[in-house]
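This report concerns one protein model and should be read alongside its sequence and coordinates.

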Amino acid sequence: MVKCVRTYVSPIGYDTRRVTRPVVNTGLGPEDVIVLLRPNEESDTEQATQAVADVKQLLQEIEPRATCSVERISVESFETTVRDCCTILAGADTNSEVIVSLGGGPRDILLPLTVTALAFTQIIDQALFFSDLDSTVQEWPLPDLTAQIPNRTKETFEAIAVADDWLTLSTIADETGQSKSTVIRHVNDLEDAGIVEANTTGKAKRVQVAFSGELLSLARAAGN
C-alpha cells in the first residue's frame with residue numbers, strides 16, 4: 001500500500017531551518033502532520049515560542065490544511081525522555097509515512113529521539129538529517145540494531161560478511177561446503193531479518209551484507 005500521508009517528527013530549537021528544510025524538500029500535503037518536540041521545561045520561552053510560531057507560519061503558507069502541533073517531552077532523565085519519544089512514534093498513524101528529522105533541536109531531546117528511532121526502525125520510513133557542513137538535507141539509512149542472526153545461518157552469514165563484493169549463492173555454497181538449497185534457506189532468513197540484501201537483476205541472485213548486518217558483524221567481532 002502506498003502511503004500518501006506523512007507524519008513528520010522533529011525536535012525544534014532556535015534554528016527553524018532544521019525543521020522546515022526537510023519538510024520543504026520532502027513535500028507537504030493537506031493531510032500531513034508535523035509534530036514538533038520541545039522540552040517540558042526551558043529557560044528562554046520567548047525565543048522558543050517565536051521559533052515555533054515561525055515554523056507554523058511557513059508551513060501554513062506552504063499548505064494551510066496541514067496540521068502542526070507541539071508535544072512537550074520530559075527531560076527529567078534520559079530514560080523518561082526516551083519513553084516519551086517512544087510514545088510519540090508509537091502513536092503515529094500507521095497509514096502514514098513516518099519521517100523523523102534528526103538534524104537539530106535541543107540535544108536533550110535529539111539524542112533520546114535518535115536512540116528511539118533506532119528501536120523503531122520497523123515503523124520509520126525515512127530519517128532525515130540537516131547537515132551542519134553544507135546545510136543540505138540528507139536521508140540517512142537507519143540500521144536495525146534489534147535484528148538477530150539466526151544461529152543456523154551463522155556460517156552463511158560469515159561468508160557474506162567478509163566478502164568485499166556481491167556473492168552468488170553458488171559461490172557461498174562452494175566456500176562453505178553447504179548445499180545450495182541450504183544456502184538459499186539461510187539467505188532467505190537473513191533477508192527477512194534485514195541483515196543481507198539481494199540483487200536479482202542479473203542471471204544469478206547475488207547478496208551482500210546490509211548496513212545492519214555489517215554493524216552486527218563488527219559488534220560480534222569486538223565481543224570476541
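The model is predicted. It contains an open sheet of six strands, arranged in the order E3-E2-E1-E4-E5-E6 with mixed pairing. Strand E3 (67–73) and strand E6 (137–139) form the edges, each pairing on one side only. On average, and ignoring direction, neighbouring strands of this sheet are turned by 25 degrees against each other.

Within the sheet, strand E4 (residues 96–101) and strand E5 (residues 126–130) are paired in the parallel sense, over three bridges. Ile99 has Gln126 in E5 as its bridge partner.

## Helices on the sheet

Helix H1 (residues 17–26) packs on the sheet and touches strand E1 (5–11), strand E2 (33–39), E4, E5 and E6. The direction of H1 makes about 160 degrees with that of E1.

Helix H4 (residues 107–119) lies across E1, E2, E3 and E4. Relative to E2, helix H4 runs at about 125 degrees.

## The H6 and H7 pair

The axes of H6 and H7 come within 9 Å and cross at roughly 115 degrees. Because angles of 65 to 115 degrees count as roughly perpendicular, H6 and H7 are placed in that class. Their crossing is right-handed.

On the H6 side, the contact is made by Leu169, Ser170, Ile172, Ala173 and Thr176. These residues meet Lys180, Val183, Ile184 and Val187 in H7.

Is Gln178 buried or exposed? Gln178 has a relative accessible area of 17%, and it is therefore buried, the limit being under 20%. Leaving aside neighbours within four places in sequence, the contacts of Gln178 are Glu155, Thr156, Ala173, Val183 and His186.

Thr156 is 22 residues from Gln178 in sequence, and their C-alpha atoms are 8.6 Å apart in space. The side chains of Gln178 and Thr156 make a polar contact at 2.9 Å.

## Asn199 in strand E8

Asn199 belongs to strand E8 (residues 196–199). With a relative accessible area of 16%, Asn199 is buried. Apart from neighbours within four places in sequence, Asn199 is in contact with Trp166, Ala204, Lys205 and Arg206.

Technical notes
Residues are numbered from 1 along each chain as its sequence is written. This is a predicted model: local features need pLDDT of at least 70, side-chain atom pairs count only at pLDDT 80 or more; totals for chains, interfaces and linings use all residues. Side-chain values use heavy atoms; hydrogens and water are left out. Two strands pair if DSSP finds at least two bridges between them. Helices (H or I, at least four residues) and strands (E, at least two) are DSSP runs, numbered from the N terminus. Axes are lines fitted to C-alpha atoms, for helices over the stretch in contact, and angles run from 0 to 180 degrees between N-to-C directions. Contact means heavy atoms within 4.5 Å. Buried means under 20% relative accessible area, exposed over 50%, partly exposed in between (1.4 Å probe, protein chains only). A polar contact is a pair of N or O atoms within 3.5 Å; within protein, one must be able to donate a hydrogen and the other to accept it, and residues adjacent in sequence count only if both atoms are side-chain atoms. Angles under 35 degrees count as roughly parallel, over 145 as roughly antiparallel, 65 to 115 as roughly perpendicular and the rest as oblique. A crossing is left-handed if the near helix is turned anticlockwise from the far one by less than a right angle, and right-handed if clockwise.
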